[in-house]
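Please keep the sequence and the 3D view side by side as you read.

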Amino acid sequence: MADASLLQELRGVRTATASVWFMRQAGRSLPEYRALREGTTMLDSCVRPEMAAEITVQPVRRHRVDAGIFFSDIVVPARQAGLGVEIKPGVGPVFDHPIRTEADVDALPALGDDYEAALDPIREAVRLTVAELGTTPLIGFAGAPFTVASYMVEGGPSRDHLRTRALMRSQPEVWARLAAWVSELSGRFLRAQVLAGASAVQLFDSWVGALSAEQYLAHVQQHSAAALAHVSDLPVPRLHFGVGASHLLVPMLEAGATAMGVDHRLRLDRALEMLPAGTPIQGNIDPAVLFTSEKARFAEARSVLEAGAAASGHVVNLGHGVPPDTDPQILTDLVSYLHDQDRSGQEVRPA
Ligand code: CP3
């Protein structure tokens, strides 16, 4: 498993052909997912080990991607800790009781033995997945404190995360206690996945791009660092990713990541100029090309390989993730195209 090309790339060791996985590769773009999920809520499916394992493996089987991403959600840990949260289809995570005051933070459940026990279905799902995946590595993940806390504070999805950013400014100590609670929640979720067999982790800070570098450094970085520290003694690469977070690339790396994910807004060669030499990178095909022509898709794939060619290691991904209405065959063909290219965008095997 340590020899899997994708893991080598994440450790900064170049391999012969491109490695690729897609954020949101599992899920609604796959008919076999929609069939299996029928009649089960999103969050219930995450705590049914056989179902979660099968959903994780589906895109690996179909597209031949180089890693599975564990099927779960960034709010699963909060649910397992006892908070009332649901995922509303077409909307996203919605919490019963938004966390906005000191009293709300006081009332958060303690993360004791009950929480450890509530992670058992996650451990079981990871074990089943890893057994099924064989030599293909499994990437575990968690939501970073800012992104998870923003759902908790707003009560649901939000465009500008105003209440969260206001809390940070008006009651920094309340914010810090909430963010510390989430870092413990997410950190222990990450650790449970690695101890059960995940070979790498990704900390998603999807909405962190809403913050300035100053606010990030003052109020967020230490909490992301605390989450990542839960797995820093384990021999797994630690990926970190945010959307629209080009201005935070270096401070996010410095939170304790070992490799950085980059979305499609920043070319990888520019990202490499910003990052310390030797930082492995992941990204960043623009998901918009999934809705264009094959010619445009393959040209974009080549351009991404070329832009990442100077990195110590590069794993191809989409800029954000697979849109639910993507034609899955397009993803399968893109993976196969990428596997036929060498790392400088040269063809190694005629298509
Ligand atoms: O392939 C994978 O990436 C599998 C696992 C995964 C899911 N969510 C499954 C899921 C991962 C890694 C996540 C992370 C996640 N969840 C993030 C960070 C990544 C990102 O996209 O930025 C965020 C912000 C969430 C919160 C969330 N959960 C949203 C915004 C939504 C979409 C709501 C909707 O219906 O539009 C979800 C639901 C969700 N999580 C689905 C899946 C497969 C869709 C559920 C369904 O089948 O209806």
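This is a predicted model: local features need pLDDT of at least 70, side-chain atom pairs count only at pLDDT 80 or more; totals for chains, interfaces and linings use all residues.

Helices (H or I, at least four residues) and strands (E, at least two) are DSSP runs, numbered from the N terminus. Gly283 and Asn284 are joined by a cis peptide bond, with omega at about -10 degrees.

Gln282 has its place in strand E9. Is Gln282 buried or exposed? Gln282 is buried, because its relative accessible area is 2%; buried means under 20% relative accessible area, exposed over 50%, and partly exposed in between (1.4 Å probe, protein chains only). Not counting residues up to four places away in sequence, Gln282 touches Trp21, Gln202, Leu239, Met260, Gly261, Val262, Leu268, His314, Val315 and Asn317, where contact means heavy atoms within 4.5 Å.

Over in helix H16 you will find Ser303. With a relative accessible area of 23%, Ser303 is partly exposed. Ser303 and Arg267 are 36 residues apart in sequence, and their C-alpha atoms are 9.3 Å apart in space.

## The ligand and its surroundings

Now turn to the ligand. The space it takes is the largest pocket. On a 1 Å grid over the protein atoms alone, a pocket is an open set of points with protein on both sides within 12 Å along at least five of seven lines, whereas a cavity is a set of points where a 1.4 Å probe fits but cannot get out; lining residues have an atom within 4 Å of a point. A molecule sits in either one if more than half of its atoms lie within 2 Å of the grid points.

How many residues surround the ligand? There are 27, and the closest are Tyr33, Asp73, Gly90, Ser206 and His320; a residue counts as near if one of its heavy atoms lies within 4 Å. Helix H2 (31-37) and strand E4 (92-95) each supply at least two residues of this shell. A polar side-chain atom of Asp73 lies 2.7 Å from a nitrogen atom of the ligand. For Gly90, a backbone N or O atom lies 2.6 Å from an oxygen atom of the ligand. In the side chain of Ser206, an N or O atom is 2.4 Å from a ligand oxygen atom. The protein covers 88% of the 880 Å² of accessible area that the ligand has on its own (Shrake-Rupley method, 1.4 Å probe).

Gln58 is in helix H4 (residues 49-63), and at 4% relative accessibility Gln58 counts as buried. Leaving aside neighbours within four places in sequence, Gln58 is in contact with Leu30, Glu32, Tyr33 and Leu36. Tyr33 is also among the residues closest to the ligand.

Arg64 lies in the loop between H4 and strand E2 (68-69). Although Arg64 is not a glycine, its phi is positive, at about 65 degrees. Arg64 counts as exposed, at 57% relative accessibility. In strand E2 itself, Gly68 counts as buried at 0% relative accessibility. Gly68 touches several residues beyond four places away in sequence, including Gln25, Thr56, Val60 and Leu133.

Arg24, in the loop between strand E1 (19-20) and H2, is another residue that has a positive phi although it is not a glycine, here about 60 degrees. Its relative accessible area is 43%, so Arg24 is partly exposed.

Ser212 lies in the loop between strand E6 (200-204) and helix H12 (213-219) and counts as partly exposed at 30% relative accessibility. The side chain of Ser212 reaches the backbone nitrogen of Gln215 at 3.0 Å. Setting aside residues up to four places away in sequence, Ser212 touches His247 and Leu248.

Definitions and conventions. Residues are numbered from 1 along each chain as its sequence is written. Side-chain values use heavy atoms; hydrogens and water are left out. A polar contact is a pair of N or O atoms within 3.5 Å; within protein, one must be able to donate a hydrogen and the other to accept it, and residues adjacent in sequence count only if both atoms are side-chain atoms.
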